[in-house]
Amino acid sequence: MKNNTAEDLSPIKLPKPVFPHCSTVFEALKMRRTCRAISDKKIPLQILSDMLWAAQGVNRVHGPFGGPGRTAGSASNSQEISVYVAKEEGTYLYEPDSHTMTPVAAGDNRSLAIGPGQRTSGANAPVRFIYVVDVDKFKTAGYQEPGLYDPEVQKSYYFVDTGLIAQNVYLATSALGLVSWFHNCNKTKLAKILRLKPHQRALFGQTIGYADE
C-alpha cells in the first residue's frame, strides 16, 4: 500500500468569509464556552473558511507598520503565530494572505494536537487547530523594541498572541453554531510531523466541531 505524502494533497483555496452569522459580539460572548464533547460531524468548507479568517485572517490591507492587518493582534505586528489545520486526510498550514490551506503532512494527525496523557474527549472531532510560533519573526517586527530579543519576554508575547487567536476562535465557533476546546498538544511529535525548524515550536491545540449532546 502506498504511503501518502503531503505532495499527494492539493492546496485548498478557501471561499471568501461570510459575515452575517451573529448580530453582535456580545451575543457571541454570551454563548462562548469550552465544550469537550464534540461529534465527528463534518464542518462545511465555508464554515471552516469563516473560522480561519476569524482566527487570524487579513481584515485590512494596510495595517500596522505598512503590512497587512489581521483579526488577531501580535507583538509589533510580528505575526509570529501560525495556524495549522489537522483534518482526517492531512494537516494544512493556513496562509492568511491568500486565504489558502497548504498541505504539510498527509494522514490523520489529529491525535497529536492533544497533549500526552490528556483526556481523549472529542477524539473524532473533524478539525483541530495547532498553534506554532516562529520566534525568528520577531526579528522583522515593525517596531524593534529590546524585549523582542529577550527569550522570557518573547514567551510572554507569543503566549498572549496565541490566546488572542484562540479567543477569536471561541467567539467564531459560538457565532457559527459550533463549540471548541483549547488545550495542550504533543509538541515533540508535532515538531517532526510538521517538519518544524529550530526556531519554530508547537504551543497549543484547539479542537473544533459540533457539540455531541
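**Figure 1. Burial and surface of the protein chain.** Buried residues account for 49% of the 213 residues in the protein chain. The model shown here and in the other panels is predicted. The accessible surface of the protein chain is about 10,600 Å², and carbon and sulfur atoms contribute 56% of that area.

**Figure 2. Overall dimensions and order of elements.** Four helices and nine strands are assigned in the protein chain. Read from the N terminus, their order is β-α-α-β-β-β-β-β-β-α-β-α-β. The C-alpha atoms occupy a box of roughly 45 × 45 × 35 Å along the principal axes. The radius of gyration of the protein chain is 17 Å, which agrees with a compact globule, because a globule of 213 residues would have a value near 17 Å.

**Figure 3. Contacts and charges across the protein chain.** Of the contacts between residues at least 6 apart in sequence, 71% link residues at least 24 apart. The side chains include 24 positive and 19 negative ones, and the centres of these two sets are 3 Å apart.

Figure 4. Strand β8 spans residues 179-183 and contains His183. His183 has 4% relative accessibility and therefore counts as buried, the cut-off being under 20%. A polar atom of the His183 side chain lies 3.5 Å from the backbone oxygen of Trp181.

**Figure 5. Contact partners of His183.** Neighbours within four places in sequence are left aside in this view. The remaining residues in contact with His183 are Ala113, Ile114, Gln118, Arg128, Phe204, Gly205, Gln206 and Thr207.

Note on methods: Residues are numbered from 1 along each chain as its sequence is written. This is a predicted model: local features need pLDDT of at least 70, side-chain atom pairs count only at pLDDT 80 or more; totals for chains, interfaces and linings use all residues. Side-chain values use heavy atoms; hydrogens and water are left out. Helices (H or I, at least four residues) and strands (E, at least two) are DSSP runs, numbered from the N terminus. The radius of gyration is taken over C-alpha atoms; the globule rule is 2.2 Å times the number of residues to the power 0.38. Buried means under 20% relative accessible area, exposed over 50%, partly exposed in between (1.4 Å probe, protein chains only). Contact means heavy atoms within 4.5 Å. Accessible areas come from the Shrake-Rupley method with a 1.4 Å probe; for residues, only the protein chains shown count as cover. Lys and Arg count as positive and Asp and Glu as negative; His and the chain ends are not counted. The place of a charge is taken as NZ of Lys, CZ of Arg, CG of Asp or CD of Glu. A polar contact is a pair of N or O atoms within 3.5 Å; within protein, one must be able to donate a hydrogen and the other to accept it, and residues adjacent in sequence count only if both atoms are side-chain atoms.
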